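Here is a short briefing to read alongside the model. Please take a look at the fold before going on.

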Amino acid sequence: SSFLSRHFDPEEKKTPQKVRERATKLSIIISKIHPLPRGFCYQRLLLPAKLTVTRRHSAVTTSKAYLRQTMAVAAMAGGVDSLSDRAAKMKEALLKSQTITENVVSILGSFDSRLSVLETAMRPTQIRTHAIRKAHENIDKTLKAAEVLLAEFDISRQAEAQILRGPHEDLESYLEAIEQLRKNIRFFSSSKGFKSGDAVLDNANTLLAKAISKLEDEFKQLLVSCSKPVEPDRLFECLPESMRPSAGSPANHGDPNGHSEQQNSNAEAASFKPLVMIPPRTVPLLHDLAVHMVQSGHQQQLLKTYRDTRSSVLEESLRKLGVERLSKEDVQKMQWEVLEAKIGNWIHFMRIAVKILFAGERRLCDQIFDGFDSLRDQCFAECTGNNVSMLLSFGEAITKSKRSPEKLFVLLDMYEIMRELHSEIESVFSGKVCAEIRESTLGLTKKLAQTAQETFGDFEEAVEKDATKTAVLDGTVHPLTSYVINYVKFLFDYQSTLNQLFREFETGGETVSQLATVTMRIMQALQTNLDGKSKQYKDQALTHLFLMNNIHYMVRSVRRSEAKDLLGDDWVQRHRRVVQQHANQYKRTGWGKVLFSLLD
């Protein structure tokens, strides 16, 4: 209202020209006071003024009603003249105020239409302003995209410079450059709208191929330089103190005369030191190289490089240890003493190879090919397969060679070591790719068990059918008796091994009773053979003396050994009675000759 009072005089004569001037002046003043926002309507600005005019019009109407009431009261009171003058003046003022109000309302009404026209006229300007603002935003986005693109070009140039220098100076920086180049390729592959994108991609892919080729050479050179055959002394240092070979002997745990169940259980529980195949600081570098080669699709080249390098190293390590590939014919030509020593060494070599050498190679594969399980198992299987085959070939040759009773104990020793290493072999040669190696070792174990059992049967038959003509003139213990009894005593050193062997082939029944049955059959075969040999004596007294001495030797040996628990007291008592019977027969026959001489 204050604004209207300054710019619009109610007493001033209003003409169209003056109204237009006032409206123009009003719009200019309003635009300076408050710039127009988008969608603003001038009617909102004039709304308070309209409300003020409306209130004044209402006040005039109220004043008229009040005037009429006042005049009525004055008439009644008798002051008609004075009140009439006042009422006339008031009426005149009210009419004048009403006229002003109507004029202002008319003026403001004209402003509504004019302001609408003004708003319509300014809309194109607002649209252009919005377009300019969007253009600025697009320019900012374009500049940022250009900065990213230029940064990728800078990265590509830096990576190219590092790759061209090669991996020899700084391998870690070389690997980082390859990774940056891969990210660069992924970036331009996803930016299909870039005109020079194909050329950049071709250059980057060519550079990456060269980098991977150099990487293969670096992997091979690094692996070869760090892969050296393991000397026997280093292998022996990984053994427990109790299992290390004595001076001048590559192995001291294969002699059947020194076998014991306690020694075998100690071997299983002993702690073996892990073997370090290559320097630890080199392993992470080999791993990083392998990762980049796999990511580039060069698994086969990586496999071939690792297999050729490590397989020859393992083979040379075994040869230095004393392992050699032997055929059945080679074994057949050996003297028993030489063969027995080689079997003892082979048992020791198997333990070293599986628990130290192959276990160390498995750890190395796991570290270099960490994260690539199938490639890891395949590399390990291919670099150890031929070496395992060379070790097993000696055992295969033994099982195919001619059987003899003295081979039973070395066969049991070989069977024992294979059973001892079974869990270790399953762990070290785990995975589907190593299944053939596991099957070959298990196959040798079964062949050794079968050969030992057949040799056991051959021994029983040989005892029963022994046809040596060696005569004992004085009726004392026959060499066959002492040989068989010592043989049976040795068998009890392998009691748990024999029980396991019987479980391989027997179904039902207890293995203890099976061992007892086999032992009784051997003792019965010996007794049958002694009965036959006793008939070689022409003197009946010597026959009974021979049987008494040999059966007594058998009973006494059983009573002093573990065989007593297995054969039982019944067997001992029964054969003691046999001894007594032959003693009585010897006395009767011998004294009968004396009496017959006296009678003559």
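This is a predicted model: local features need pLDDT of at least 70, side-chain atom pairs count only at pLDDT 80 or more; totals for chains, interfaces and linings use all residues.

Residues are numbered from 1 along each chain as its sequence is written, and side-chain values use heavy atoms, with hydrogens and water left out.

**The chain as a whole**

- The protein chain has 22 helices and 0 strands; these are DSSP runs numbered from the N terminus, with helices being H or I of at least four residues and strands E of at least two.
- Among the 600 residues of the protein chain, 42% count as buried, meaning under 20% relative accessible area with a 1.4 Å probe, protein chains only.
- Of the contacts in the protein chain with a separation of 6 or more, 80% join residues 24 or more positions apart; contact means heavy atoms within 4.5 Å.

**Helices α16 and α17**

- The axes of α16 (residues 435-464) and α17 (residues 479-493) come within 12 Å and cross at roughly 160 degrees; axes are lines fitted to C-alpha atoms over the stretch in contact, and angles run from 0 to 180 degrees between N-to-C directions.
- α16 and α17 are therefore roughly antiparallel to each other (angles over 145 degrees).
- Their crossing is left-handed, that is, the near helix is turned anticlockwise from the far one by less than a right angle.
- On the α16 side, Phe 456, Phe 459 and Val 463 make the contact, and α17 contributes Leu 480, Tyr 483, Val 484, Tyr 487 and Leu 491.
- By class, this contact has 8 nonpolar, no polar and no charged residues (Ala, Val, Leu, Ile, Met, Phe, Trp, Tyr, Cys and Pro count as nonpolar, Asp, Glu, Lys and Arg as charged, and the others, Gly among them, as polar).

**Helices α10 and α12**

- The axes of α10 (residues 299-321) and α12 (residues 336-368) come within 12 Å, crossing at roughly 160 degrees.
- α10 passes α12 in a right-handed crossing, where the turn is clockwise.
- Residues of α10 including Arg 310 and Ser 317 meet α12 residues including Phe 358 and Glu 361.
- This contact of α10 with α12 has 12 nonpolar, 1 polar and 2 charged residues.

**Thr 481**

- Thr 481 is found in α17 and, at 0% relative accessibility, counts as buried.
- Beyond its neighbours within four places in sequence, Thr 481 is in contact with Leu 526, Leu 530, Asn 550, Tyr 553 and Met 554.
- Thr 481 and Asn 550 are 69 residues apart along the chain, with their C-alpha atoms separated by 6.7 Å.

Methods
Angles under 35 degrees count as roughly parallel, over 145 as roughly antiparallel, 65 to 115 as roughly perpendicular and the rest as oblique. Buried means under 20% relative accessible area, exposed over 50%, partly exposed in between (1.4 Å probe, protein chains only).
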